[in-house]
Amino acid sequence: MDPIQTTIILLLVTSVGLAVFSAVAGKVKGKRSLPLPPRGTGIPYIGDTFSHISSGPRVAGQPHHDKLGSIYRTWFLGEQVVHIGDPDAVRMIFNAEHDLVESDWPSTIRQLIGPHSIANMHGQQHLQARKMVAPSFAPKAALAYIPRTVELAESFCAEWADARTVQGFDGMKNFTFQVATELVVGFPKSFINKEMLARQKQLWGDWLDGFLALPINLPGFAFHKAMLARKALLAEYKANIIRLKDQTTKAAEGAAKPAMQCFVELTEGKPDDYMSSMDVLTDVTFNLLFAGHDTTAATLTLMLRYLKQEPAVLQKLRDEQKQVIAEHGKEINSTACASMPYADATVKEILRIETIVGEVYRRALKTFECAGYTIPKGYKMALEMFRVVEEDPRWTTMAPELAASKFNPDRWLSDEGRKAGSWIPFGSGPRMCLGYVFAMQEIKIMMAVLARGYDWQVDLTEPIKSFPIPTPIRGMPMTFSRI
């Protein structure tokens, strides 16, 4: 970042911060019985803005957490934010959606995901949109997606083996993107080709770079480039919405129907319904596609790394697949998927070690008490899911090989692992990720295909960039072969 940009940013952040602070401070003065959460160190109005953007919430927040505990406040983009990593408090706030709190992402994220996306809807609109999409992601519905997901996983693995070298993150993004475009948003198979993948990769990369960039929509800034990428992507998704509206054929009995096709069909004949507008339909498409591919690709990439880092885990997965084949045959179907407890445990362990969505944001709709502190109306909260998952109290009394710092899927097959705990990588409450069953199924299918027939080598010393989603900084180049 050059000096001119830095100066502009500091001025903007300071001016916004002064306005917000004055307004909020005036509202809460004298109206609380419990104290505000303790304040972390940092320059007023700026606080953790730069460290948060450059290093992510985990690194930026650790000094405050070590000194002040699991609830504290600091400044971010000119606004006071209460960071909450206490499991009970986070769960309470998740369940208080639409009553005490509402979703309130930073400005850049709101604009990039789209003002009409499910992530940015509130109240009855949010509940209605989730109700329209939810049937497509129910556990029974997810089973219908298995055959095509297996077909794609096998196809991509064969392609990587033929090439012998591949960028791990790019490869997994291509896989998850095709799964999401076909099975979630309803693009035809003919839409997917190498030129499209290259174009989409570039546009989504530009978009993600602006995720928590400074909100300056001027040439030369990452946020401006991200908004241009969003515009280009929306043009393609609008064309697909029109195609879905014109589509008259229905899914065959037992076949998977994409979530977006269900959403479009439910808006037919309702021209005055908010949900039927093209702005809503394209933003919902964008929301579903982002949620359905980038985060899953990051999980799969880290899976490749951890399985080579822990060869005993990979061998257990290979042994489990041999047993599944012996009992159910070579086809990976719903019966086979239900017979992979160690694969299930491995997926959970990866999501425990690397919580892909590290924190989510809420804003207080009214003043309320939380874990001995007052959260004033209007305050923003960052719910630190990564900390809640990492500090699950279940693992504090486990044997050394099952300590929280260890990557060991066996913890999930233990008595403690079967108890309710603080494993919430998909959130909780009314905004819990709708597609979590679909995502875990997709990860498990790719894991099974890999364990049955492939091997790979990666550089285990390659650093991991933790923000906005954890990924190897060089994209994890790897050699890939059949076994």
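So, where is arginine 164 found? Arginine 164 sits in the loop between helix 8 (146-163) and strand 4 (165-167). For the labels, helices (H or I, at least four residues) and strands (E, at least two) are DSSP runs, numbered from the N terminus.

Before I go on, a word on what we have here. This is a predicted model, where local features need pLDDT of at least 70 and side-chain atom pairs count only at pLDDT 80 or more, while totals for chains, interfaces and linings use all residues. Residues are numbered from 1 along each chain as its sequence is written, and side-chain values use heavy atoms, with hydrogens and water left out.

On confidence: pLDDT is the predictor's confidence in each residue, from 0 to 100. The protein chain has a mean of 89, with 92% of its residues at 70 or more. Over residues 1-30, though, the pLDDT is below 50, and that stretch has 34 contacts in the model beyond near neighbours in sequence. Contact here means heavy atoms within 4.5 Å.

Okay, back to arginine 164. Its phi is positive, about 70 degrees, although it is not a glycine. Arginine 164 counts as exposed because its relative accessibility is 52%; the cut-offs are under 20% relative accessible area for buried, over 50% for exposed, and partly exposed in between (1.4 Å probe, protein chains only). Leucine 77 is not a glycine either, and has a positive phi of about 50 degrees. You'll find leucine 77 in the loop between strand 1 (71-76) and strand 2 (79-84).

Next loop: serine 117, between helix 5 (107-113) and helix 6 (123-133). Buried or exposed? Serine 117 is buried, with a relative accessible area of 0%. A polar atom of its side chain lies 2.8 Å from the backbone oxygen of glycine 114. Leaving out residues up to four places away in sequence, serine 117 touches Asp283, Val284 and Asn287.

Now helix 6 itself. Its buried residues include His126, Ala129, Arg130, Met132 and Val133. They span an arc of only 160 degrees around the axis, so they lie on the same side of helix 6; that arc is taken from the directions from the helix axis to the C-beta atoms. The face turned away from the buried side carries the exposed Gln124 and Lys131. Helix 12 (259-267) and helix 13 (278-309) are among what covers the buried residues of helix 6.

Last stop, histidine 224, in helix 11 (residues 222-246). Setting aside neighbours within four places in sequence, histidine 224 is in contact with Ile216, Asn217, Leu218 and Pro219.

Terms used: A polar contact is a pair of N or O atoms within 3.5 Å; within protein, one must be able to donate a hydrogen and the other to accept it, and residues adjacent in sequence count only if both atoms are side-chain atoms.
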